[in-house]
Amino acid sequence: MRDEPDELIHASAVIVGDRGVVIRGGSGSGKSSIVRALMDRAAYKGVFAILVSDDQCHIRDEAGRLLCTAPAALRGGLEVRGSGLHRSDFEERAIIHLVVDLVEPNQSVRFGEDAVTVLHDVAIAHLVLPKLGIDSACRAIEARLFTPQWKK
């Protein structure tokens, strides 16, 4: 049952393990590169990871969860800057567990362990990371998804 209509956002989405991630950022901010790197890192570790959508995502609230799907014209395409769109295995939909915003380095957040954002009235874990830091972004995303927070 759909609770509200889709919203088209400028973002890329990936599933890592059993967790969906939406990565938002401007053109050239590294969204596609981070998605590709997350999939490569997961494959190296023997963990499931797959593309949902690159560059544009439909999101909506479905039964209190944030659902992401790819626009039909973009399904299975992953951009490699300078080389164009390339085929990739993909999943048609994902429940989103984490939203990542790629921003200028001076706007990023060093400790965002409890940060959340609200999309379509659904509270989702949130990271604000510097754009173009692919390795550090992957480490932060993986830590937020799979490593318990340290509490004093």
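Residues are numbered from 1 along each chain as its sequence is written. Because this is a predicted model, local features need pLDDT of at least 70 and side-chain atom pairs count only at pLDDT 80 or more, while totals for chains, interfaces and linings use all residues, and side-chain values use heavy atoms, with hydrogens and water left out.

Q: Why is C138 called buried?
A: Buried means under 20% relative accessible area, exposed means over 50%, and partly exposed lies in between, with a 1.4 Å probe and protein chains only. C138 has 0% relative accessibility, so C138 counts as buried.

Q: Where is C138, and what does C138 touch?
A: C138 sits in helix 2. Helices (H or I, at least four residues) and strands (E, at least two) are DSSP runs, numbered from the N terminus. Not counting residues up to four places away in sequence, C138 touches I34, A37, L38 and R41; contact means heavy atoms within 4.5 Å. The C-alpha atoms of C138 and I34 are separated by 6.6 Å, although the two residues are 104 residues apart along the chain.

Q: How do you know that helix 1 and helix 2 pack together, and at what angle?
A: Helix 1 (residues 31–45) and helix 2 (residues 134–146) have axes 10 Å apart, at an angle of about 60°. Axes are lines fitted to C-alpha atoms, for helices over the stretch in contact, and angles run from 0 to 180 degrees between N-to-C directions. On the helix 1 side the meeting residues are S33, I34, A37, L38, R41 and K45, and on the helix 2 side I134, D135, A137, C138, R139, I141 and E142.

Q: What kinds of residues make up the contact of helix 1 with helix 2?
A: Those residues divide into seven nonpolar, one polar and five charged.

Q: What makes a group of residues a nonpolar core, and which residues have the most contacts inside the largest one?
A: A nonpolar core is a set of buried Ala, Val, Leu, Ile, Met, Phe, Trp, Tyr and Cys residues joined through side-chain atoms within 4.5 Å. The largest here has 21 residues, and V21, I23, I34, L38, L98, V100 and I141 have the most contacts inside it. Helix 1 gives the largest share of this core, five residues.

Q: What does I23 touch?
A: Leaving out residues up to four places away in sequence, I23 touches A11, S12, K31, I34, V35, L38, V100, L102 and I141.

Q: Where do L67 and I95 lie, and what separates their C-alpha atoms?
A: L67 is in strand 5 (residues 65–69), and I95 is in strand 8. They are 28 residues apart along the chain, with their C-alpha atoms separated by 4.7 Å. Beyond neighbours within four places in sequence, I95 is in contact with G20, R65, L66 and L67.

Q: What makes the phi of D55 and of H120 worth a look?
A: Most residues other than glycine have a negative phi. The phi of D55 is near 85°, a positive value in a residue other than glycine. H120 is not a glycine either, and has a positive phi of about 55°.

Q: Where are D55 and H120 found, and is each one buried or partly exposed?
A: D55 is in the loop between strand 3 (49–53) and strand 4 (56–62). At 27% relative accessibility, D55 counts as partly exposed. H120 is in the loop between strand 9 (116–119) and strand 10. Its relative accessibility is 15%, so H120 counts as buried.

Methods:
Nonpolar A, V, L, I, M, F, W, Y, C, P; charged D, E, K, R; others polar.
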